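This report describes the model shown below. The reader may wish to keep the structure in view while reading.

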Amino acid sequence: MKAVKTLGQFIIEKQADFPYAKGELSRLLRDIGIAAKIVNREVNKAGLADILGDAGTMNIQGEGQKKLDVYANEQFISALKCGGECCMVASEENDECIHIESEISKDAKYVVAIDPLDGSSNIDVNVGIGTIFSIYRRISAQGKADLNDVLQRGIEQVAAGYVIYGSSTMLVYTTGKGVNGFTLDPSIGEFCLSHPDLRIPDDGVIYSINEGYYSHFPDGVKKYIKYCQVEDTKTQRPYTSRYIGSMVADLHRNMIKGGIFIYPLTAAAPNGKLRLVYECNPMAFIIEQAGGMASNGYNRILELEVTELHQRTAIFIGSKNMVKKAEEMMTCFSPQLTKKNFEGEVCLQ
Ligand SMILES: O=P(O)(O)OC[C@H]1O[C@](O)(COP(=O)(O)O)[C@@H](O)[C@@H]1O
Ligand SMILES: [Mg+2]
Ligand SMILES: [Mg+2]
């Protein structure tokens, strides 16, 4: 019989990798795991629990919030407050950082950035959704943490992970020593190790991009899409197009099967849509740790300067050789695309 290893057991075992650590990061990961289970419980009975639909409020980015966005945000923040290992949270759903100044958190060393519910447009239709989190060590001196603690470049992340609420619920995370995946066993209420040492294939046959915006894409992206569609038996093209519209679900599939996920700058979103701090950096850390690559079309996502909490970026992420090919197309057909020169770009049809 195969022995079951729970997330809690795994975290404790892995603490040996950090001999000088005192267990704070382990407890922080445990707190996130607890909140994920609570959110999962609501997601699983969403149609019954008056938790579908709009909350009637907007976040700072002008996006209408769903009830589940608000619920998940509250649950993760509350778990981080109760856990005592986090001094500040940055969330997609809050304009400003939330300071945690309770007695138990006053010496906390970590800050957390979170997208509590990723794939909001899929909530009401029972399609895979997720949570994304990123953990940094605070860099400010004692006292109240400040914005700079969370505006660190992605390479400074201590840990990152995602939860996917799909046909099963999984928590996948890295602390910079590979990637491990845990499936929630509902019968015992525990995340159990199911995908040890996850690796993304170097090549893949799946490309994921919202092709409905094709006419708004930069020329480099259009050329790459055409490349994906051209018949070539040697490289197994044409590739398959798969787009769920939840970054977590699209990337999780590509992680397992191999593939690329792209959300470029578009004429309608000239800064990109996805957020660097709590969507792109954590996913880039995970994918790189699994052997993949993440770029904004020209540069490594993890090395981008972070100047704003809700900063957006273009992203090309997934199997190494696919991302390299897409970068090649960007460099050739849309060299150094920025918001400024993109607005005037004449797009190829
Ligand atoms: O509908 P679009 O423009 O294709 O955007 C889909 C993308 O937006 C997101 O839903 C944004 O995330 P949120 O739901 O957290 O705002 C991604 O998960 C997804 O990849
Ligand atoms: Mg999101
Ligand atoms: Mg979200």
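Which strands does helix α6 lie across? Helix α6 (residues 276-289) lies across β3, β5, β6 (129-137), β7 (159-165), β8 (169-174) and β9 (179-185), and it runs at about 85° to β6. Helices (H or I, at least four residues) and strands (E, at least two) are DSSP runs, numbered from the N terminus. Axes are lines fitted to C-alpha atoms, for helices over the stretch in contact, and angles run from 0 to 180 degrees between N-to-C directions.

The model is predicted: local features need pLDDT of at least 70, side-chain atom pairs count only at pLDDT 80 or more, and totals for chains, interfaces and linings use all residues. Residues are numbered from 1 along each chain as its sequence is written, while chains are lettered from A and ligands numbered from 1 in the order in which they are written.

**The sheet**

An open sheet of mixed pairing is formed by 8 strands, in the order β4-β3-β5-β6-β7-β8-β9-β10. Two strands pair if DSSP finds at least two bridges between them.

| Strands | Sense | Bridges | A bridge pair |
|---|---|---|---|
| β3 and β5 | parallel | 5 bridges | Met88 and Val111 |
| β6 and β7 | antiparallel | 7 bridges | Thr131 and Val163 |
| β7 and β8 | antiparallel | 6 bridges | Ile164 and Met170 |

A hairpin through 3 residues connects β7 to β8. Strand β7 is largely enclosed by the rest of the structure, because 7 of its 7 residues are buried. A residue is buried if 20 or more other C-beta atoms lie within 10 Å of its own, exposed if 12 or fewer, and partly exposed in between, with C-beta atoms placed from the backbone. From β7, Ala159, Gly161, Val163 and Tyr165 point one way, whereas Ala160, Tyr162 and Ile164 point the other way.

**Helix α3**

Helix α3 (residues 67-83) has 17 residues and reaches 24 Å from its first C-alpha to its last, close to the 24 Å expected at 1.5 Å a residue. The expected span is 1.5 Å times one less than the number of residues. The helix is mostly covered, with 12 of its 17 residues buried; among them are Asp69, Tyr71 and Phe76. Gly84, which follows α3, has a positive phi, near 85°.

**Annotated positions**

An unreviewed UniProt entry lists a "binding site" at Glu92, Asp115 and Leu117. Although spread over 26 residues of sequence, these positions cluster in space, with a largest C-alpha distance of 8.9 Å. UniProt positions are given in the numbering used here, feature names are shortened, and annotations may be inferred rather than shown by experiment.

Glu92 lies in the loop between β3 and β4 and counts as buried, with 25 C-beta neighbours inside 10 Å. Asp115, in strand β5, is buried with 29 other C-beta atoms within 10 Å. Leaving aside neighbours within four places in sequence, Asp115 is in contact (C-beta atoms, placed from the backbone, within 7 Å) with Glu92, Thr131, Ile132, Tyr278 and Glu279.

The unreviewed entry's "binding site" positions in UniProt also include Ser120 and Ser121. Is Ser120 buried or exposed? Ser120 is buried, because 22 other C-beta atoms lie within 10 Å. Ser121, in the loop between β5 and β6, is exposed, with 12 other C-beta atoms within 10 Å.

Methods: Contact = placed C-beta atoms within 7 Å.
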